[in-house]
Amino acid sequence: MISKKILITGESGFIGSHLINLFTNKYPNYEIHGLDKLTYAANKNYTKHLENKTNYKFHKVDIFNREDVFKLFHEYQFTDVIHLAAESHVDNSIANPLLFVETNIVGTLNLLDAFRSVSSGRFHHVSTDEVYGDLNEFDSAFTEKNPYNPSSPYSASKASSDLIVRAYHRTYNLNIVITNCSNNYGPHQHHEKFIPTIISSILHNKQIPIYGSGKNIRDWLHVEDHVEALDLIFHQGHSGETYNIGANNEVSNLELVYLISDICLEKKIHQDPRGLISFVKDRLGHDNRYAICSKKLYEQLKWQSSIDFKQGLSMTIDWYMK
Ligand SMILES: NC(=O)c1ccc[n+]([C@@H]2O[C@H](COP(=O)([O-])OP(=O)(O)OC[C@H]3O[C@@H](n4cnc5c(N)ncnc54)[C@H](O)[C@@H]3O)[C@@H](O)[C@H]2O)c1
């Protein structure tokens, strides 16, 4: 018997494709609906095989189109939503902020209003630690209590959408959870992002571009660890709460390139990957350091990441080689 009708938005993107694969396999008694506009960032090949499954259905919808979103909710009467659809690339948000406002802010509002009109379950909003702004070298890692201080149009649009979701909980008593996670890596990530760029540069013997001095620090989370945490929080998180998700893998961009280069050297993919490093003009408003504390998630729901960083990078390199 079907116990939930879940809509997963952004299902053909990097993280959404992993989540929908997990849910369609693990929960045969859920009817899982995937929604995606199929922008340049989507890749339907990662979810196409699901079309043979009886508990899966795909909808090509733009969440900025309010009428289409309402029509879909009224037709299928979803019980729950896990919302990942977004414009996600910081550089694109600097070039075209309006699209980020339309998709990330207005799109989220459209989903919330449609959800409010038909759904009785949970709205899980997937967000980023970039809403907290950035840290200096000696600051403590972001906790859920850090004030929002976004730097880029991307992070500002995600911060706005988080606040709207919170307001809908307070105002309309919607059952919501928000998750803010650190930078993801792993299979299916679009080549515009940093780790795929490093790997593909080495594979194709091209220069590895590093913004500025390479000293900016990021905190990395394997996508499979992330979707395990989303599964747990969707089912067991407390309504109205925010949970940070991270794996304590803080490295500077330059250290990350060294790490990947050394793995590629061990795998005999390239003879001198470090020799490909090329420093390029820094990104406008480039955040200095991100570090995320997921102690609350451990204390409340006993979640911890399980994929070792070096091992995760090695598996990711193998995937891109295939
Ligand atoms: N990748 C990360 O490191 C990371 C870290 C923290 C949070 N997040 C958040 O996780 C979510 C998923 O990120 P991702 O890395 O998988 O992004 P992605 O860019 O790989 O995928 C986003 C998906 O959303 C779809 N989409 C874009 N605009 C849409 C619209 N108007 N209507 C419907 N679908 C639309 C795209 O087609 C794409 O399939 C995003 O909300 C992002 O902010 C990502």
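1. In this predicted model, Arg218 is placed over the face of Tyr290, 4.1 Å from the centre of the ring.

2. Phe73 has a relative accessibility of 0% and counts as buried. Phe78 is likewise buried, at 1%.

3. Trp319 and Tyr320 form another pair, with 4.8 Å between the ring centres. Their planes meet at 90 degrees, and the pair is therefore edge-to-face, because an angle over 60 degrees counts as such. Trp319 has a relative accessibility of 28% and is classed as partly exposed.

4. Ring pairs may also join into a group: Phe23, Tyr27, Tyr30 and Phe234 are linked in this way into a cluster.

5. Turning to the chain as a whole, its secondary structure consists of ten helices and twelve strands. The radius of gyration is 19 Å, close to the 20 Å given by the globule rule for 322 residues, so the chain is as compact as a globular protein of that length. The C-alpha trace spans about 55 × 45 × 40 Å along its principal axes.

6. Of the 322 residues, 55% count as buried. Among contacts with a separation of 6 or more, 82% are between residues 24 or more positions apart. The accessible surface comes to about 14300 Å², and carbon and sulfur atoms account for 50% of that area.

Notes
Residues are numbered from 1 along each chain as its sequence is written. This is a predicted model: local features need pLDDT of at least 70, side-chain atom pairs count only at pLDDT 80 or more; totals for chains, interfaces and linings use all residues. Side-chain values use heavy atoms; hydrogens and water are left out. Buried means under 20% relative accessible area, exposed over 50%, partly exposed in between (1.4 Å probe, protein chains only). Rings of Phe, Tyr and Trp (its six-membered ring) pair if their centres lie within 6.5 Å; planes under 30 degrees apart count as stacked, over 60 as edge-to-face and the rest as tilted. A charge sits over a ring if NZ of Lys or CZ of Arg is within 6 Å of the ring centre and within 35 degrees of the ring normal. Helices (H or I, at least four residues) and strands (E, at least two) are DSSP runs, numbered from the N terminus. The radius of gyration is taken over C-alpha atoms; the globule rule is 2.2 Å times the number of residues to the power 0.38. Contact means heavy atoms within 4.5 Å. Accessible areas come from the Shrake-Rupley method with a 1.4 Å probe; for residues, only the protein chains shown count as cover.
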